[in-house]
Amino acid sequence: MPTTQAPNAALLHRDGVREHWTLFSLGLPALLLVFVMLVVPIGWLFWLSFLSDAGAFSLEHYRRLASQASYARIFRTTFEVSLITTGLCVLLGYPLAYLLAQLPRRIAALCMIAVLLPFWTSVLVRTYAWLVLLQRQGIVNDWGMGLGLWQEPLPLVHNLAGTLIGMTHIMLPYLILPLYGSMRAIDGDYLKAAANLGASPSRAFWSVYLPLSLPGLVAGATIVFILCLGFYITPALLGGGRVILVSMRIATDIELFFNWGAASALGVVLLVLTVALLFAASRLVGFDRLAGGAK
Amino acid sequence: MTGWLSRPASETQITHGRRLWLYAVGGAVMLFLVLPSLIVIPMSFSDSQYLSFPPPAWSLRWYENYFGSLEWMQATWTSLKAGLLTMLVATPLGTLAAYGLHVSRTRLGGLAMLVLAMPIMMPLILIGIGVFNVYVQFGLLNTLAGVVIAHSMLALPLVVLVVASGLKSYDMNQERAACSLGASRPRAFLLVTLPQIRFSVVTAALLAFLTSFDEVIVALFVSGGQNSTLTRNMFLALRDQIDPTIAAISTVMIVLTSLLLALSQLFGRSDR
């Protein structure tokens, strides 16, 4: 039997391999688009970042990044703003995700609209809303003073406070969605077991539920932090030029000074940081969780 | 009510009454998420330049400003065209890729997925200036085609993810059955598989449209002149001052987004 089947099996195997490759090639147009529109442009920026103004290979742009205090300050601001925003998102997002994950599915789906609607509303619209709400004669100041909470209009926008409020609002869904997904997947029997073994509800939460929800929390926080590092629109509009992030410096280097070398070097550093963080997080919680949590 | 308060709320038997604070916090966060964009809607009907709330008098003047302005209308058409074309490019490309990678199961598939997911991982500002640099060399700056190509790339990861998740819940044996009954692979895909994942594909298409319609940074760098997009014009206007016309435009955008989301929910529900 095996002797007659062997050539046939080989043939089948070859057919199978060919079919696999044919099917795989269906992805080629999409891969080509990403290659031409993403890999080539960003590779080009890499190249530009290593060229001096005279066109020779040099590290001068990176040397300037390392030596000028203004760049160090921009990177520090970017990290601080991203870190605080991520922290605020965890603080606000964890309780809501926890609550949603324990509600009956139908009610949770209804409440999810509150997360999904802002998620899909244009970032520009939401940033505009905050500009209006937080301005000197805006609603927040009007009502705060009307209630006697403060006497003078507070400077809430075109500064750090405005930037943080706006960024937290825009990033929050990115934290809640992956966290909610991982919380839904937690088996309630673990908690029943903990309760049965005498754990108080808070003990059961801290030593059973929280550790089980950590992968989703790490995935969400990583996505938020990475998106903050490269965020442009909201800090540019709500920061009022007082809070300069890396992305804004890149934009002004191009728009005002046409300094491709400096902008590219900044971009390369930003990219390397992003990729390193993504890599570290995917080693920690798996790539699928990260990809599934992003839009 | 008191009955509900003393009923257990979770597996740890904690009662609803003892976690009222959690409901309060959750509700407050939900309001924080939803209210800011919603409050723009009544304010767009305000008569006042300063957008106080509640508006001292109602009027449609900001809508007249918007719909009466040649520049805003042109930008709106550009954005609508770019969104539709992006949808038409990204949906078939992404669907084919998701299907191909799902069925072929080669070892390269994981790597290909990673490459296709790259556009959502990269800082947009970097994509913006990179694409700008390339377009300068090839004369694609300020063209509709340029915007559509860049936006299609940005929309691909979404399409691939949504269609791939649709394929995961689809039983591939149905397509194998069609093939064993003599259908060619493309025919089996078009007549058997595609109709069953059509809701994922429609959802992916709507999301591709929204991705393009809402995109700001890349459009800021590569679009302009006659082909300036709506979001680009809004961003530039907001950099100078808080123009209440933007409230009217924002309201139109919120309505459009909600409609598309409701549609995708409607389709998505019947997929299961």
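A pocket is an open set of grid points with protein on both sides within 12 Å along at least five of seven lines, and its lining residues have an atom within 4 Å of a point. In this predicted model, α10(A) gives the most to the lining of the second largest pocket, with five residues.

- The space in the second largest pocket comes to about 410 Å³.
- Its lining consists of 18 residues. Those nearest the centre of the pocket are A:Y98, A:S202, A:F205, B:R19 and B:W21.
- Two or more lining residues come from each of these elements: α4 (69-102) of chain A, α10 (201-229) of chain A and α2 of chain B.
- Sorted by class, the lining of this pocket holds eleven nonpolar, five polar and two charged residues.

**The second largest cavity**

- Two cavities of 30 Å³ or more turn up when the whole structure is searched.
- The second largest cavity has about 30 Å³ of volume.
- From chain A, the residues lining this cavity are A:L117, A:P118 and A:T121. From chain B, they are B:L33, B:V34, B:S37 and B:L38.
- At least two lining residues come from α5 (105-120) of chain A, and at least two come from α2 (20-44) of chain B.
- The largest share of this lining belongs to α2(B), with four residues.
- Five residues of the cavity lining are nonpolar and two are polar, while no charged residue is present.

**The crossing of α3(A) and α13(A)**

- Helix α3 (residues 60-67) and helix α13 (residues 260-285), both of chain A, have axes that come within 9 Å and cross at roughly 70 degrees.
- Angles of 65 to 115 degrees count as roughly perpendicular, and therefore α3(A) is roughly perpendicular to α13(A).
- The crossing of α3(A) past α13(A) is right-handed.
- On the α3(A) side, the contact is made by A:H61, A:Y62, A:R64 and A:L65. On the α13(A) side, it is made by A:G261, A:A262, A:A265, A:L266, A:V268 and A:V269.
- The contact between α3(A) and α13(A) involves seven nonpolar, two polar and one charged residues.

Technical notes. Residues are numbered from 1 along each chain as its sequence is written. Chains are lettered from A and ligands numbered from 1 in the order in which they are written. This is a predicted model: local features need pLDDT of at least 70, side-chain atom pairs count only at pLDDT 80 or more; totals for chains, interfaces and linings use all residues. Side-chain values use heavy atoms; hydrogens and water are left out. Axes are lines fitted to C-alpha atoms, for helices over the stretch in contact, and angles run from 0 to 180 degrees between N-to-C directions. Angles under 35 degrees count as roughly parallel, over 145 as roughly antiparallel, 65 to 115 as roughly perpendicular and the rest as oblique. A crossing is left-handed if the near helix is turned anticlockwise from the far one by less than a right angle, and right-handed if clockwise. Contact means heavy atoms within 4.5 Å. Ala, Val, Leu, Ile, Met, Phe, Trp, Tyr, Cys and Pro count as nonpolar, Asp, Glu, Lys and Arg as charged, and the others, Gly among them, as polar. On a 1 Å grid over the protein atoms alone, a cavity is a set of points where a 1.4 Å probe fits but cannot get out, and a pocket is an open set with protein on both sides within 12 Å along at least five of seven lines; lining residues have an atom within 4 Å of a point. Grid points are joined across faces, edges and corners, and a volume is the space filled by probe spheres set on the points.
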